[in-house]
Amino acid sequence: MDYLLQVKIGALFGLLLLTLLFGLIPARIKWFRDTNGTELHRTVLSLISCFAGGVFLAACLLDIIPDYLSDISAELDVRKVETSFPLAEFIMAAGFFMVLILERIVLNCREAAVSQEERSPLMADNRNGHGHGHGTNPDLEGSGQHVHVDFQAHSPFRSFMLFLSLSLHSVFEGLAIGLQSTDSKVLEICIAILVHKTIIVFSLSVKLVQSAVRPLWVAAYISVFAMMSPIGIAIGISVMEAKLAEGALIQAVLEGLAAGTFIYITFLEILPHELNSPGKQLLKVLFILLGFSIMAALTFIG
């Protein structure tokens, strides 16, 4: 077994174990069952999410996209494919729209399945200051605080759909690791995914706990979610190890799809979610820059 494969397998188990650890923390600590949360609680989660956004932004712009464009360009040159159409960028866009369409389908099915009986409590909660939004209530509206997960949609069904959508992300995140050809890139991308996924699984677990999901089901959800990125890594490793005649081209195309997923998560999920919420804007930008700078420094040194 070569060193690169050992690093990828280590990343696989590292992601699995750390995701399980961070996912089970809210289920075991009573403090996280507080629907409204504390000001410190909301602030810490928001700033950590901003830091993750910076990390993901750097991974996207400085690692994944440049590597993908280099690989796909080399493959097209080998096959003497000449076209004025931006094929490489189109493949990234396909990855972006694939995840976007899948999530919209899930959300559309969710909206169609929600009964009027389930909508009524949510409407009633809205009148009491607990409607769908950014985690505010009458006592906290002026605080400008925000959490990564919307605490107001306390529906087990909606929590399941959230879990399903995030799981789709995780498979493609893992692909980005499994398809790398150098151990340094594996470690850099693994750090980016690890920071993001621990925050996501932490927030997902809080959401499940507050949706009154049974502890056994919470553990099942978190366990399945933790396995999604390792599955993606395993798929990427299989493609690389199979050494198919078209393996390099398949690898480049999958890298493009993974890059599109990274773009989606960074620019439509993390950054807008935090920056569009009021309060501590300069501090949020500082944490985004901090996450980006750390990853940029790792890329420069590496």
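Me: How many helices and strands does the protein have?
Reply: This is a predicted model. Read along the sequence, its pattern is α-α-α-α-α-α-α-α-α. The count is therefore nine helices and zero strands.

Me: What share of the residues of the protein counts as buried?
Reply: A residue is called buried when its relative accessible area is under 20%. The protein has 302 residues, and the share of them that passes this test is 48%.

Me: What percentage of the contacts with a separation of 6 or more joins residues 24 or more positions apart?
Reply: A contact here means heavy atoms within 4.5 Å. Among contacts in the protein with a separation of 6 or more, the part from residues 24 or more positions apart is 82%.

Me: Are α2 and α9 roughly parallel, roughly perpendicular or oblique to each other?
Reply: Two packed helices are described by the angle between their axes and the distance between the axes. Helix α2 covers residues 39–78 and helix α9 residues 281–301; their axes lie 7 Å apart at an angle of about 40 degrees. Angles under 35 degrees count as roughly parallel and 65 to 115 as roughly perpendicular. The pair α2 and α9 is therefore oblique.

Me: How many nonpolar residues are in the contact of α2 with α9?
Reply: The crossing of these two helices is right-handed. On the α2 side the residues include L47, F51 and L62, and they meet residues of α9, among them F287, I288 and M295. By class, the contact of α2 with α9 has two charged residues, four polar ones and, as the number asked for, 15 nonpolar.

Me: Is S229 buried or exposed?
Reply: S229 sits in helix α7, which spans residues 215–242. Beyond its neighbours within four places in sequence, S229 is in contact with L15, S170, E173, G174, I193 and K197. Its relative accessible area is 0%, so S229 is buried.

Me: Is K80 buried or exposed?
Reply: K80 is placed in the loop between α2 and α3. Its phi is near 55 degrees, a positive value in a residue other than glycine. Over 50% relative accessible area counts as exposed. K80 has 71% relative accessibility, so K80 is exposed.

How values were computed
Residues are numbered from 1 along each chain as its sequence is written. This is a predicted model: local features need pLDDT of at least 70, side-chain atom pairs count only at pLDDT 80 or more; totals for chains, interfaces and linings use all residues. Side-chain values use heavy atoms; hydrogens and water are left out. Axes are lines fitted to C-alpha atoms, for helices over the stretch in contact, and angles run from 0 to 180 degrees between N-to-C directions. Helices (H or I, at least four residues) and strands (E, at least two) are DSSP runs, numbered from the N terminus. Angles under 35 degrees count as roughly parallel, over 145 as roughly antiparallel, 65 to 115 as roughly perpendicular and the rest as oblique. A crossing is left-handed if the near helix is turned anticlockwise from the far one by less than a right angle, and right-handed if clockwise. Ala, Val, Leu, Ile, Met, Phe, Trp, Tyr, Cys and Pro count as nonpolar, Asp, Glu, Lys and Arg as charged, and the others, Gly among them, as polar. Buried means under 20% relative accessible area, exposed over 50%, partly exposed in between (1.4 Å probe, protein chains only).
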